[in-house]
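Please look through the structure shown here before reading on. The paragraphs below take it part by part.

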Amino acid sequence: MPLPSLHPYRYNQKERRSLLEVLQDFSSAQPPLERLLEAAPLLQPRQFSLASAPAAHGSRAAVLVAVVAWKTPSNRPRKGLVTNWLAGLQQGSGAGDGTAGAGVGADCFVGGGSGEGVVRVPVWVDRGAFRLPPDESTPLLMVGPGTGVAPFRSFCWQRAALRQLQQQQQGQIAAEAGAAPSSDSSSSGCLFFGCRSPDADFYYEEEWWPIMQTGALHQQHGLVAAFSRHSPQPTQPELLQMLQRAAETSQQQDSGQQELQQQPLQQPTAASVSSSSRVYVTHKLREHGAAVWKLLSEQGGWVYVSGSAEKMPAGVVSALEDVAATHGGLSTEAAAKFVRQLELTGRYHVEAWS
């Protein structure tokens, strides 16, 4: 067996070798147990944004987790430790007593069962970076590609539940007074979501249409989707049809109906998309620039960005500066100052991770 490359970066960081693999490569090394334990890194906690809303889901906590798997430059398979552990949990697997570290035991009903085969998962709750505006009528501009959409599902369901409660209360008051219910003047939000394709990772697809019907999201451009590896991109009316059909299908499945009354919507045919022609949320922000500018400049909207910290947050800033210049008639310097002012006044929030 040839000796592995001894260049520290190529051997260790680039290949992400584990301590066990190092000992396998250098079988003559026999460190004492105490030194081995000193060198072994502690398992770091993993943090996920809650995707559930107290007003809509009660005490139930939900997270959106993408299972991590990749190959190193030398074709060694690698898997995310916690995400693959969570994905492999089965009811009745007995995943521990949930008392280790600072976590507390949480009953995890894998697969949505009735409670049989409870899996104990160590969890804890930390205070996050996002805060909803104090005024519930403040519109939200949310940018959350991939699993970055998780906190915005929470935002949308929270507002949808509160709006429905408010409408019920207004209806009761109006009925007692013998008057017509007052119209809801609060503004709706917009969510810019990005994924690879409608068939691969369109998270919570069946939920966005019901949320839009409550008014928590704008009914025309409340959800704008960028499918980076799908061509052609659906138009906004086609996207709304997709959302409506997904919601209807989910509702019929929940009610036990096996057959649909209508033919499924014909979705755009997937095609090979080159990296230079891929569409991302930043492209969609510019495409819907008129609505974005109105939400920010006229309606006092707040901006929330969640997702990968690599390029996306900076790309969103650049896109919003372009929107301010194109639709607000601002100079390049004034557009940058406008976006910066959103940050300084607490109207621009970012939660990103690497």
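Is leucine 141 buried or exposed? Its relative accessibility is 1%, and leucine 141 therefore counts as buried, the cut-off for that class being under 20%. The model in which this residue sits is a predicted one. Leucine 141 belongs to strand E5, which covers residues 140–143. Setting aside residues up to four places away in sequence, leucine 141 touches Cys190, Phe192, Leu285, Val292, Leu295, Leu296, Trp302, Val303, Tyr304 and Leu320. Serine 188 lies 47 residues from leucine 141 in sequence, and the C-alpha atoms of the two are 9.4 Å apart in space.

Some figures for the whole protein give the setting. The secondary structure consists of 12 helices and nine strands. Of the 354 residues in the protein, 34% are buried. The protein exposes about 21,000 Å², and carbon and sulfur atoms supply 52% of that area. Taking contacts between residues at least 6 apart in sequence, 66% join residues at least 24 apart.

One of the residues touched by leucine 141 is Val303. Valine 303 is part of strand E8, residues 302–308. With 0% relative accessibility, valine 303 counts as buried. Beyond its neighbours within four places in sequence, valine 303 is in contact with Leu141, Leu296, Leu320, Leu342, Arg347, Tyr348 and His349. Between valine 303 and glycine 346 there are 9.3 Å in space, C-alpha to C-alpha, for a separation of 43 residues in sequence.

The contacts of valine 303 include Tyr348, a residue of strand E9, which spans residues 348–353. Tyrosine 348 has a relative accessible area of 8% and is therefore buried. Where its contacts are concerned, neighbours within four places in sequence are again left aside: tyrosine 348 meets Val303, Val305, Pro313, Val316, Val317, Leu320, Val339, Leu342 and Glu343. Tyrosine 348 is 46 residues from tryptophan 302 in sequence, while their C-alpha atoms are 6.0 Å apart in space.

Leu320 is among the contacts of leucine 141, of valine 303 and of tyrosine 348. The next step is to look at a pair of helices, H11 (residues 312–328) and H12 (residues 332–344). The axes of H11 and H12 come within 8 Å and cross at roughly 120 degrees. H11 and H12 are therefore oblique to each other, since the range for roughly perpendicular is 65 to 115 degrees. The crossing of H11 with H12 is right-handed. On the H11 side, the contact is made by Val317, Leu320, Glu321, Ala324 and Ala325; on the H12 side, it is made by Ala335, Ala336, Phe338 and Val339. By class, the residues of this contact are eight nonpolar, no polar and one charged.

A second pair of helices is H7 (residues 205–214) and H8 (residues 236–254). How do H7 and H8 pack, and at what angle? Their axes are 7 Å apart, and the angle is about 105 degrees. That value makes H7 roughly perpendicular to H8. From H7, the residues in the contact are Glu205, Glu206, Trp208, Trp209, Pro210 and Met212. They meet Leu240, Met242, Leu243, Gln244, Ala246, Ala247 and Ser250 of H8. Sorted by class, the contact of H7 with H8 has nine nonpolar, two polar and two charged residues.

The last topic is the backbone in the loops. Most residues other than glycine have a negative phi, and most peptide bonds are trans. Tyrosine 204, in the loop between strand E6 (190–195) and H7, has a positive phi of about 60 degrees although it is not a glycine. At 15% relative accessibility, tyrosine 204 counts as buried. Asparagine 75 also has a positive phi, near 70 degrees. The loop that holds asparagine 75 runs between strand E1 (69–71) and strand E2 (77–79).

Which form does the peptide bond from serine 231 to proline 232 take, cis or trans? The bond is cis, with omega near 0 degrees. Proline 232 is in the loop between strand E7 (223–227) and H8.

Notes: Residues numbered from 1 in each chain as written. Predicted model: local features only at pLDDT ≥ 70, side-chain atom pairs only at ≥ 80, totals over all residues. Heavy atoms only, no water. Axes fitted to C-alpha atoms, helices over the stretch in contact; angles between N-to-C directions. Helix = DSSP H or I, 4+ residues; strand = E, 2+ residues; numbered from the N terminus. Parallel < 35°, antiparallel > 145°, perpendicular 65-115°, else oblique. Left-handed = near helix turned anticlockwise from the far one by under 90°. Contact = heavy atoms within 4.5 Å. Nonpolar A, V, L, I, M, F, W, Y, C, P; charged D, E, K, R; others polar. Buried < 20%, exposed > 50% of the residue type's maximum accessible area, 1.4 Å probe, protein only. Areas by Shrake-Rupley, 256 points an atom, 1.4 Å probe, with all protein chains shown as cover.
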